[in-house]
Amino acid sequence: MTIYMKPTITEEKIASLEVYDAYRYGEELLSSRFPREAAMVLAKVVDAEPEHAGAWELVGRAHFAAAHLEPAEQAFRRLVELEPTSAWARTALGLCLDRQSRHREGAAQHRIAEGLGVTPGDAHRIELVDPAPSDPTLWT
């Protein structure tokens with residue numbers, strides 16, 4: 001189901017939702033391009049289920065799409081804590097750091113993602129952001 005009109009999200013509406021319903025509604029809001037509203041709804045989910053990696057991914061994506069970069073970074077860092085071998089989580093964190101002009105930190109995450117088996121397109125992104133020096137002793 002696609003939401004066409006800007007939804008009205010209130011604290012009362014969020015409080016009335018069950019956690020599963022909040023997750024599904026937040027997912028729907030994000031896919032309908034209402035990331036700010038999705039982040040508000042999904043906050044309930046991560047508060048109730050702090051170990052749910054899928055919820056942290058959605059929260060991070062919602063904040064990133066809304067250009068809330070610090071909360072997006074926090075969400076992606078939590079996702080990396082929960083799933084340290086997820087190439088996608090590392091790539092998402094790297095992109096978030098890139099967008100904050102923290103390219104070296106972002107490149108480190110992209111390199112880890114590459115080592116974990118990221119797609120060729122993501123691997124190419126690493127070199128665009130921060131080319132590796134030819135001398136390995138110069139790596140920081």
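So, a salt bridge here is a side-chain nitrogen of Lys or Arg within 4 Å of a carboxyl oxygen of Asp or Glu. Side chains of opposite charge can pair when their charged atoms come close. By that rule, we count 9 salt bridges.

Quick housekeeping. This is a predicted model, where local features need pLDDT of at least 70 and side-chain atom pairs count only at pLDDT 80 or more, while totals for chains, interfaces and linings use all residues. Residues are numbered from 1 along each chain as its sequence is written, and side-chain values use heavy atoms, with hydrogens and water left out.

Okay, one of the pairs is Glu37 with Lys6, at 3.1 Å from N to O. Glu37 sits in helix α3 (residues 35-48) and Lys6 in the segment before α1 (11-16), 31 residues apart. Helices, by the way, are DSSP runs of H or I with at least four residues, numbered from the N terminus.

Buried means under 20%, exposed over 50%, partly exposed in between, using a 1.4 Å probe and protein chains only.

Next up, Arg102. Its closest approach to Glu73 is 2.7 Å, N to O, in a salt bridge. Arg102 lies in the loop between α6 (87-99) and α7 (103-116), and Glu73 is in helix α5 (residues 69-82), so this pair ties together parts 29 residues apart in sequence. Arg102 is partly exposed at 26%, whereas Glu73 is buried at 10%.

Arg102 also bridges to Glu105, at 2.9 Å between the closest N and O atoms. Glu105 is partly exposed, at 36%. Through shared partners, Glu73, Arg77, Arg102 and Glu105 join into one network.

Definitions and conventions
Helices (H or I, at least four residues) and strands (E, at least two) are DSSP runs, numbered from the N terminus.
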